[in-house]
Amino acid sequence: RAVCIAEVELGGPAASAGLREGDVLLSLDGIAITWTDDLIRLLGAHRIERETVVSFLRDGSLKRLSLRAVERGSNGVT
């Protein structure tokens, strides 16, 4: 199981990092994401404002990139 990105907020951290709708998130900092709740938990306060490595699938290829999560009220990852 994994989490598919349904929407990327224009100008938000996910879009700025290069994530796109349809990307399938596999892990954050090497910790598996299997449910949306995992993603929310992993992006909790301990990752806000620090670089996070995201592993994901795009068109069948494994990719990795870094992003900086921000609080939801501040153009956060949605």
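Leaving aside its neighbours within four places in sequence, Ile 33 is in contact with Arg 1, Ala 2, Val 3, Leu 25, Leu 26, Ser 27, Leu 28, Asp 38, Leu 39 and Leu 42, where contact means heavy atoms within 4.5 Å. Ile 33 is also among the residues with the most contacts inside the largest nonpolar core, together with Leu 19, Leu 25, Leu 28 and Val 54. That core has 16 residues. A nonpolar core is here a set of buried Ala, Val, Leu, Ile, Met, Phe, Trp, Tyr and Cys residues joined through side-chain atoms within 4.5 Å. Two or more residues of this core come from each of strand 2, helix 2 (36-42), strand 4 and strand 5.

The model is predicted, so local features need pLDDT of at least 70 and side-chain atom pairs count only at pLDDT 80 or more, whereas totals for chains, interfaces and linings use all residues. Residues are numbered from 1 along each chain as its sequence is written, and side-chain values use heavy atoms, with hydrogens and water left out.

The protein chain has two helices and five strands, arranged along the sequence as β-α-β-β-α-β-β. Helices (H or I, at least four residues) and strands (E, at least two) are DSSP runs, numbered from the N terminus. Of the 78 residues, 37% count as buried; buried means under 20% relative accessible area, exposed over 50%, and partly exposed in between (1.4 Å probe, protein chains only). The accessible surface of the chain comes to about 4800 Å², and 51% of this belongs to carbon and sulfur atoms. These areas come from the Shrake-Rupley method with a 1.4 Å probe, and for residues only the protein chains shown count as cover. Among contacts with a separation of 6 or more, 43% involve residues 24 or more positions apart.

The strand pairing can be followed from strand 2. Two strands pair if DSSP finds at least two bridges between them. Strand 1 (residues 3-4) and strand 2 (residues 24-28) run antiparallel and are joined by two bridges; Val 3 has Leu 25 as its bridge partner in strand 2. Strand 2 also runs antiparallel to strand 4, with four bridges between them, and here Leu 28 has Val 54 as its partner in strand 4.

Side chains of opposite charge can pair when their charged atoms come close. The structure holds three salt bridges, each defined as a side-chain nitrogen of Lys or Arg within 4 Å of a carboxyl oxygen of Asp or Glu. In one of them, Arg 58 pairs with Asp 23, the closest N and O atoms being 2.8 Å apart. This pair links distant parts of the chain, as Arg 58 lies in strand 4 and Asp 23 in the loop between helix 1 (13-17) and strand 2, 35 residues apart. Both Arg 58 and Asp 23 are buried. In another, the side chains of Arg 50 and Asp 29 meet (3.2 Å, N to O). This pair too links distant parts of the chain: Arg 50 is in the loop between helix 2 and strand 4, and Asp 29 is in the loop between strand 2 and strand 3, 21 residues apart. Arg 50 counts as partly exposed because its relative accessibility is 36%, and Asp 29 counts as partly exposed at 29%. The salt bridge of Arg 41 with Asp 38 has its closest N and O atoms 3.3 Å apart. Both residues lie in helix 2, three residues apart, about one turn of the helix. Asp 38 is buried because its relative accessible area is 13%.

Which residue does the side chain of Ser 55 meet in a polar contact? Ser 55, in strand 4 (residues 51-58), makes this contact with the side chain of Arg 64 (3.3 Å). A polar contact is a pair of N or O atoms within 3.5 Å; within protein, one must be able to donate a hydrogen and the other to accept it, and residues adjacent in sequence count only if both atoms are side-chain atoms. Ser 55 counts as buried because its relative accessibility is 9%.
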